Structures are given as C-alpha cells and as structure tokens.
Amino acid sequence: MLHSGALFDAVALPYDLLTRHPVWERHCALMAGRLPRGAKRVLDLGCGPGNSTVHLRRAVGSGALGGDYAMSMLRRARRRALPVVCLDAGTLPVRDASLDAVTMHSVLYLLRDQPGALAEVRRVLRPGGRALLLEPQAGHLNTARGLARALRTPLWAGVALLWRTMSALYGRFTPERLRAALESAGLRVLTIDETLGGLGLLAVAER
Ligand SMILES: C[S@@+](CC[C@H](N)C(=O)[O-])C[C@H]1O[C@@H](n2cnc3c(N)ncnc32)[C@H](O)[C@@H]1O
C-alpha cells in the first residue's frame, strides 16, 4: 500500500478544494463540539489543509495547533494563517499529559501502526483529556446508505465517494473494532456514534 504521506503530499490542492464542503465542515464543527469543557490545549493530529483545525480554533482559541507530516498539506494550512507543525503520529513532539484533547479527523485508518499512534495520543493527554476521532465506518450497507443520502448533494456525493475509495484501500472500522483499539491504548470510550450519514463513526474517549 502506498504510504499515505506521499499520497497526501501529491493531492493537497484537490483535497483542500473538495473538503471545503459544507457537509465536511459541519462534521468538523461537530467534532469540535465534543471537546472537554474548558479545553485550551488541543492538537489536531493529521490536520491536512486545516479544515478541522479551523473549527478547533473557533472553539478554544489560540491553543489549538495542527500537525501533519505532509508538507504540501501544511503549506495550505499556513495559507489560512493556522499554526501547524510537521510531525509524525508515531512520535509526537509533545510533553506527557500536557494536552486537553487530541483530534483525528479521518486519520487513524491511514496509519500502519495504529496501536503506536493511540499510545502516543494517550501519553500526551492529561487525565480526563479527550481523544476525538472521526473515522470511516465499515460495511457495504453503510456505504450504500451513506452514498444514497449523499446523492442529494452531488458535489458532496463526489467527496463521499473519494473518502469511501480511500478507506476501501486503507481500512475501515466497525464500532466494536474502534472501541477495542481505543481501549487497548488505555482510553475509556465515552461514545461512538454514527456520523456522515452512516459513512463515518465519531468516537469520544477519555484518558
Ligand atoms: C484524510 S486527511 C484529513 C485531514 C483533515 N483532518 C480533515 O479533516 O480534512 C488525513 C491527513 O493525515 C495525515 N497523516 C497520515 N498519516 C500521518 C502520520 N503518520 N503522521 C502525521 N500525519 C499523517 C495526511 O498527511 C493527511 O493530511
């Protein structure tokens, strides 16, 4: 499988244009709405061009930072005046127990070492801090259901189809598998809800 860093470096511009869609934006805002009360220090891991980071900054202000390892994605985020750093999910350059939340919007499914990345997320969260993940949901029925709903908005249907294609290549989660991955990393799952018309899962977990 192609390393996703190379892929996202190559597609930063079309990715940025396509995902500035109201439906994607709405779900970024939904994720930001699940931050712990009073959160001030938040890392948007795998921030890409910053769609999710924009909403986190609206929610918490200047303490929200984006991180990604694809330089062309980071350049696009910087054009939006977002503070971002180059990092790898496997070794976060962040002190232990120093963050109120780590968000991963469409990121975990791309990673080769998911347990390693989640262990890092747990390490950097303060006790009571939250991991918020929006990931593609498995299941042909969910694909059919989600895409049928997306068809009402043709451009969004195109974005959803691309996201579905990516996750067909890299992997998807059932709620049970996502819960098991989070719990194995020592995180306590608060909720896992369907989102994006059944195409995705939004997980909220706590250290
Ligand atoms: C599907 S995009 C999501 C971008 C953004 N969160 C959004 O909601 O639009 C996934 C991002 O994760 C990044 N990524 C993948 N693996 C990574 C890793 N190991 N470390 C840091 N970033 C990674 C990719 O470069 C890409 O920008």
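**Entry 1: loop between β6 and β7**

I began with L196, which is found in the loop between β6 (188-195) and β7 (200-206). I took helices (H or I, at least four residues) and strands (E, at least two) as DSSP runs, numbered from the N terminus. The model is predicted: local features need pLDDT of at least 70, side-chain atom pairs count only at pLDDT 80 or more, and totals for chains, interfaces and linings use all residues. Residues are numbered from 1 along each chain as its sequence is written.

I noted that phi of L196 is near 50 degrees, a positive value in a residue other than glycine. The cut-offs are 20 or more other C-beta atoms within 10 Å of the residue's own for buried, 12 or fewer for exposed, and partly exposed in between, with C-beta atoms placed from the backbone.

**Entry 2: loop between β3 and β4**

I looked up A97, found in the loop between β3 and β4. A97 has a positive phi of about 50 degrees and is not a glycine. With 13 C-beta neighbours inside 10 Å, A97 counts as partly exposed.

D96 lies in the loop between β3 (84-86) and β4 (99-105). D96 has 10 C-beta neighbours inside 10 Å and therefore counts as exposed. I found that D96 touches R123 and V124, leaving out residues up to four places away in sequence; contact requires C-beta atoms, placed from the backbone, within 7 Å.

**Entry 3: helix α3**

I listed the buried residues of helix α3 (residues 22-32): W24, H27, C28, M31 and A32. Viewed down the axis of α3, these buried residues fall within an arc of 150 degrees, so they line one face of the helix. The arc is that of the directions from the helix axis to the C-beta atoms. An α-helix has 3.6 residues a turn, so residues three or four places apart point the same way. On the other side of α3, I recorded P22 and R26 as exposed.

**Entry 4: nonpolar core**

I examined the largest nonpolar core, which has 60 residues. Such a core is a set of buried Ala, Val, Leu, Ile, Met, Phe, Trp, Tyr and Cys residues joined through C-beta atoms within 7 Å. L99, V102, V121, A131, L182 and A203 touch the most other members. V102 touches L43, L45, V121, V124, L125 and A131, again without residues up to four places away in sequence.

**Entry 5: ligand shell**

I counted 22 residues around the ligand, of which F8, G46, G48, A70 and H105 come nearest; the criterion is a C-beta atom, placed from the backbone, within 6 Å. α1 (4-10) and α4 (51-60) each supply at least two residues of this shell, and α1 gives the most, with 3 residues.

**Entry 6: whole protein**

I recorded 9 helices and 7 strands. Buried residues make up 45% of the 207 residues. The C-alpha trace spans about 45 × 40 × 35 Å along its principal axes. Among contacts between residues at least 6 apart in sequence, 68% join residues at least 24 apart.

Terms used: Contact = placed C-beta atoms within 7 Å.
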